[in-house]
Amino acid sequence: MKNETEKSQDERRKVAALLAKAELKELAFFWSNQSDQPQVDVLRGPETGLVMVRGRIGGGGAPFNLGETTVTRATVRVSSGTSSEGLVGHSYALGRDHEKARLAAIADALWQAPQSRETVERDLLQKIAQRLDARSTQRRREAAATKVDFFTMVRGDD
């Protein structure tokens, strides 16, 4: 059974994964609709670099280096009424979109604040999850349309 720290870490991983898959327009729309935007200080980046992507044959084989991909990361501090130091948000996103990484880090910091967590989940994270679910459903439908059923006719014993 997981303790509270492990549950919190799992939730944060899920949030980070959704923010990494967010589109710039989703993040920008969320941020522009915040009535009281807090002060944001950029602590690191956004900066772009390369990371090694690893793969496995069949999902369970020995890992191998597949190649490098471009990733942009950002770290920001968002002023918070509950903390004199503010909340620190981090983000990593595939590609070179600095604004996306910055806005995702802001959303991460806002999600950590109890007073804004529900807003972030309702107005941003749920919409990202719905878009991803819709895309997954569409891909499954497209794949199902190409399915071919093979069958074997059994001949009688002659």
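**Exercise 1.** Find what covers the buried residues of helix 2.

*Solution.* Start with the cover: it includes helix 1 (4–21), strand 1 (40–56), helix 3 (98–112) and helix 4. Helices (H or I, at least four residues) and strands (E, at least two) are DSSP runs, numbered from the N terminus. A quick note on the source: this is a predicted model, where local features need pLDDT of at least 70, side-chain atom pairs count only at pLDDT 80 or more, and totals for chains, interfaces and linings use all residues. Residues are numbered from 1 along each chain as its sequence is written, and side-chain values use heavy atoms, leaving out hydrogens and water.

Next, pick out the residues being covered: in helix 2 (residues 24–32), E26, L27, F30 and W31 are buried (under 20% relative accessible area; exposed is over 50%, partly exposed in between; 1.4 Å probe, protein chains only). They sit on the same side of helix 2, because their arc around the axis is only 125 degrees (taken from the directions from the helix axis to the C-beta atoms).

**Exercise 2.** Work out which residues L124 is in contact with, leaving aside neighbours within four places in sequence.

*Solution.* Contact means heavy atoms within 4.5 Å. On that basis, L124 meets L19, E26, L27, F30, A107 and T119.

**Exercise 3.** Locate S116 and decide: buried or exposed?

*Solution.* First, S116 lies in helix 4 (residues 114–145). Then check its relative accessible area: at 16%, S116 is buried.
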